Amino acid sequence: MKFHTFGDKTKKPVMLIHGMLNPWQIWETAIEALSGDYYVIVPELDAHTEEEPTSFRSVESEAAEILDFLLTVTGGHLYLLCGLSMGGRIAATLAGFPEMHVENLVLDGAPLLKVSKLLVGIMKKSYIGIIRKSRARDPKVLESAKRDFLPEKYIPYYLKIADHMEEESVKNILNSVFSAFTYKKYSDDCRILFMHGTKGNESVSKKAAMKMKSVNPQTEIMCFDGYAHAYLASFEPEKWVETVKDWAVKQKKTGD
C-alpha cells in the first residue's frame, strides 16, 4: 500500500478510499476540490499498486494498515472519511476501530452484507476473466470498461493495476468484501452519509444503508435514482464532490 497526500498538513485531514479495480486517481477531481482547504490523504490499496505488485489479504488488514498510518500522521483523527464501493467497506471498518475519531463518514455503494458463496464464486470467475482479458488488451473488455466502469482517461492507470493484480488477490478481495459485516454503533458525533444508486446490484447497498441507519440513527441516506453502482463518483465527480461538500457543511451547521 502507498499513501498519496495533498495540501497543507496543518489543515483538517480528509481521506478518500477507492474501490475494487479503481486506480487511486479516480479521486482526481475530489483532490483538486478539497486540497485547498484540507489535508487530503489517498491510499493506493494493496493489489491496486501501479508500480509494483502487492497482495490483498482482507478488508481488515487494509483497514489496520491505514490505521497505523493515520495514528502517526493525524493521531487517528479524520474530519472526513470517504469510501467508494470496496473502499466503503474498508472505511466502515476503519471508522469502527476504537483508536479512530471520524467526524464525517461517507459511504458510497458500500457492500456491507454477506453474499452467498455461489454468487461470490460467479463473481470470482467473472473478475478473473476480466483481468486476464485486460492484460491481453481485449478491445471488447476495454470498451465495456470505458462505458460502464471508468472514464477513458483512467483506463491506462487501470491497466497498470490489471497487469500486476494476482488472481489470489481477486479471490481474497471478493471473499472479504462479501463476507458478513459487523455493524458497530459509532460515536454520536460521527455523522454518516450513505449514498447508493438504483440500478444493477445497488440493492445490496440499499439494504446496507438501511441497516447502517438502524444501528446509527444519525445516518442520512441519499438515493440517486437511475444511477448504477459507483457511477456518480466515477462519471460525474463534480456532482459527487458538490453533494458531499454540501452535506458536510450542513452537518457542521446542525452540530453548531
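Residues are numbered from 1 along each chain as its sequence is written. Because the model is predicted, local features need pLDDT of at least 70 and side-chain atom pairs count only at pLDDT 80 or more, whereas totals for chains, interfaces and linings use all residues; side-chain values use heavy atoms, without hydrogens and water.

**Exercise 1.** Determine in which order the seven strands are arranged in the sheet, and which are the edge strands.

*Solution.* Helices (H or I, at least four residues) and strands (E, at least two) are DSSP runs numbered from the N terminus, and two strands pair if DSSP finds at least two bridges between them. On these terms the open sheet has the order 1-3-2-4-5-6-7, with mixed pairing. Strand 1 (2–6) and strand 7 (219–224) each pair on one side only, and are the edge strands.

**Exercise 2.** Describe how strand 4 and strand 5 pair, and what helix 3 touches.

*Solution.* Strand 4 (residues 77–84) pairs with strand 5 (residues 101–108) in the parallel sense over seven bridges; leucine 81 has leucine 105 in strand 5 as its bridge partner. Helix 3 (residues 86–95) packs on the sheet, where contact (heavy atoms within 4.5 Å) is made with strand 2 (13–17), strand 4 and strand 5.

**Exercise 3.** Is serine 169 buried or exposed, and which residues does it contact?

*Solution.* Serine 169 is located in helix 7 (residues 167–177). Its relative accessible area is 1%, so serine 169 is buried (under 20%; exposed is over 50%, partly exposed in between, with a 1.4 Å probe and protein chains only). Neighbours within four places in sequence aside, serine 169 contacts Ala47, Thr54, Ser55 and Phe56.

How values were computed. Axes fitted to C-alpha atoms, helices over the stretch in contact; angles between N-to-C directions.
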